[in-house]
4 protein chains.
Amino acid sequence: METTHPGYIDDKPSLERRLKRIEGQVRGIGKMIDEDRYCIDILTQVSAVTSALESVALSLLDDHLHHCVAHAGEHGDLEEKLTEASAAIARLVRS
Amino acid sequence: METTHPGYIDDKPSLERRLKRIEGQVRGIGKMIDEDRYCIDILTQVSAVTSALESVALSLLDDHLHHCVAHAGEHGDLEEKLTEASAAIARLVRS
Amino acid sequence: METTHPGYIDDKPSLERRLKRIEGQVRGIGKMIDEDRYCIDILTQVSAVTSALESVALSLLDDHLHHCVAHAGEHGDLEEKLTEASAAIARLVRS
Amino acid sequence: METTHPGYIDDKPSLERRLKRIEGQVRGIGKMIDEDRYCIDILTQVSAVTSALESVALSLLDDHLHHCVAHAGEHGDLEEKLTEASAAIARLVRS
């Protein structure tokens, strides 16, 4: 469900920068493989990217709670928002 | 430490394809943010990318064990290889 | 902060059963070590317990969202509740 | 497959202490639920126990690599040991 303004609107510039950097890191990992770089060095990069992605997810979730969920009461869809958030958290914890 | 042939040599094409796809997915997440897409939909994508990265890491680790560690005895650096692998596993588990 | 009824009140019996089982599993792992059981068999049990604990955490979080957070608006401490929940989610994702 | 001495033999006392403590923490979580303690406080404990279990698993894995895998070459079952270790690592990463 599209909202006029997403919860992360204030963090958009920082989220975009972080994702650009992560995209570059993933491209870099592909390059390391192409260059037959040592497995352990590549694994170190993969762990770094996974952690960076996790931080992006937690920022998005925090924004979602403080905006979309916080204002859901006004739109009468609080229960739906909480159920959605809970399912997204479970996916994140298990990924 | 560079090896002549990395453990993942046989899986290179598949690893490169998977990383290309992940790179595209990360770019896609950046686009979703740029388009003010709904937080939960973006979080779903982030969880998918994190799982895909985890699978790449586990493939790399499996190759590393079955090649670099398996042949380390011949080069007399088995202990070093096992210590390296153990540290990489810890980073992966904690990321 | 104590609430009169915690969010998980309806799930108390099931949560207590699950935790009793997890407690028994942890005791079982201790016994396996005491009996010099094979490392891989023990690791399999540890992964099972970690997953079971994760499920307990996700149940608690779901209850917390649907009760404590859902009613926080009435007590005027919604922002505090959301900040608390977000921090708990981060700890869970990173543990 | 039982070995005469498991890889963790030298760490047995510390592993047993750590598991005893984790067992007590899990029992404590059960008690918190029984006492209707606040959800977030319980979640904090669950995250702590999950991290403690993860550390136990990483210690066991490190011992396994440095003993069972390190000596597997002598018994001619190195490939089997590496395959087992890789599967255990995957379970750990995904739990």
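Two residues are said to be in contact when heavy atoms lie within 4.5 Å of each other. In this predicted model, the contact between the two chains takes 48 residues from chain B and 48 residues from chain A.

The size of an interface is often given as the accessible area lost when the parts come together. Here chain B and chain A bury about 4500 Å² between them, and 66% of this area is on carbon and sulfur atoms.

Polar links also join the chains: 16 residue pairs, both at pLDDT 80 or more, are in polar contact between chain B and chain A, and the count of salt bridges between the two chains is four. One of the salt bridges pairs D36(B) with K12(A), whose closest N and O atoms are 2.6 Å apart.

On the side of chain B that touches chain A, at least two residues each come from α1 (12-34), α2 (39-69) and α4 (78-94) of chain B. Among these helices, α2(B) gives the most to that side, with 17 residues. By class, the side of chain B that touches chain A is made up as follows.

| Class of residue | Number on this side of chain B |
|---|---|
| nonpolar | 26 residues |
| polar | 10 residues |

Methods
Residues are numbered from 1 along each chain as its sequence is written. Chains are lettered from A and ligands numbered from 1 in the order in which they are written. This is a predicted model: local features need pLDDT of at least 70, side-chain atom pairs count only at pLDDT 80 or more; totals for chains, interfaces and linings use all residues. Side-chain values use heavy atoms; hydrogens and water are left out. Buried area is the accessible area (1.4 Å probe) that two parts lose on being put together, summed over both. A salt bridge is a side-chain nitrogen of Lys or Arg within 4 Å of a carboxyl oxygen of Asp or Glu. A polar contact is a pair of N or O atoms within 3.5 Å; within protein, one must be able to donate a hydrogen and the other to accept it, and residues adjacent in sequence count only if both atoms are side-chain atoms. Helices (H or I, at least four residues) and strands (E, at least two) are DSSP runs, numbered from the N terminus. Ala, Val, Leu, Ile, Met, Phe, Trp, Tyr, Cys and Pro count as nonpolar, Asp, Glu, Lys and Arg as charged, and the others, Gly among them, as polar.
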